[in-house]
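User: Please examine the following model and answer some questions about it.

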Amino acid sequence: MEKKKCPQCKNLILKTSPTCLYCGRPNKFITKEYVNKKWNKDNNKYVFDYLFINKYLVFTLLLIFTILIIIFSRIL
């Protein structure tokens, strides 16, 4: 694993560690995005499914609506 020097205490720490083991300085700024990306691997799966279902539903409704307009326009 690659190591780098901590800017505050100058000890070697891993690049992937969130904080310095010696002084506690954050190596990466811990944000909600960072935590979700690190721990919730399937977080994007539900968003994709939700968008896909909505697009599929809108397309189906639009298709049915178009077919109904064509049918009723021929009747009149």
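The questions below concern the fold, the surface and the cysteines of this predicted model.

User: In what order do the elements of the chain run from the N terminus on?

Analyst: The secondary structure of this predicted chain comes to 2 helices and 2 strands. Read from the N terminus on, the order is β-β-α-α.

User: What percentage of the residues of the chain count as buried?

Analyst: The chain exposes about 7,300 Å², of which carbon and sulfur atoms supply 67%. Among contacts with a separation of 6 or more, residues 24 or more positions apart account for 0%. Of the 76 residues, the share that counts as buried is 7%.

User: Is Ile71 buried, partly exposed or exposed?

Analyst: Ile71 is found in helix α2, which covers residues 43-75. Ile71 belongs to a nonpolar surface patch that also includes Phe59, Leu68 and Ile75, and the patch has about 800 Å² of accessible area together. The relative accessibility of Ile71 is 43%, and therefore Ile71 counts as partly exposed.

User: How many disulfides does the structure hold?

Analyst: A disulfide requires two cysteine sulfur atoms within 2.5 Å. For Cys20, which is in no disulfide, the nearest cysteine sulfur is that of Cys9, 3.6 Å away. The sulfur of Cys23 has its closest cysteine sulfur in Cys20, at 3.7 Å, which is too far for a bond. The number of disulfides in the structure is 0.

User: Does Cys20 count as buried or exposed?

Analyst: Cys23, at 33% relative accessibility, counts as partly exposed. Buried means under 20% relative accessible area. Cys20 has 3% relative accessibility, so Cys20 counts as buried.

Conventions:
Residues numbered from 1 in each chain as written. Predicted model: local features only at pLDDT ≥ 70, side-chain atom pairs only at ≥ 80, totals over all residues. Heavy atoms only, no water. Helix = DSSP H or I, 4+ residues; strand = E, 2+ residues; numbered from the N terminus. Buried < 20%, exposed > 50% of the residue type's maximum accessible area, 1.4 Å probe, protein only. Contact = heavy atoms within 4.5 Å. Areas by Shrake-Rupley, 256 points an atom, 1.4 Å probe, with all protein chains shown as cover. Patch = residues over 30% accessible without salt bridge, like charges linked within 9 Å, V, L, I, M, F, W, Y side chains within 5 Å. Salt bridge = Lys/Arg side-chain N within 4 Å of Asp/Glu carboxyl O.
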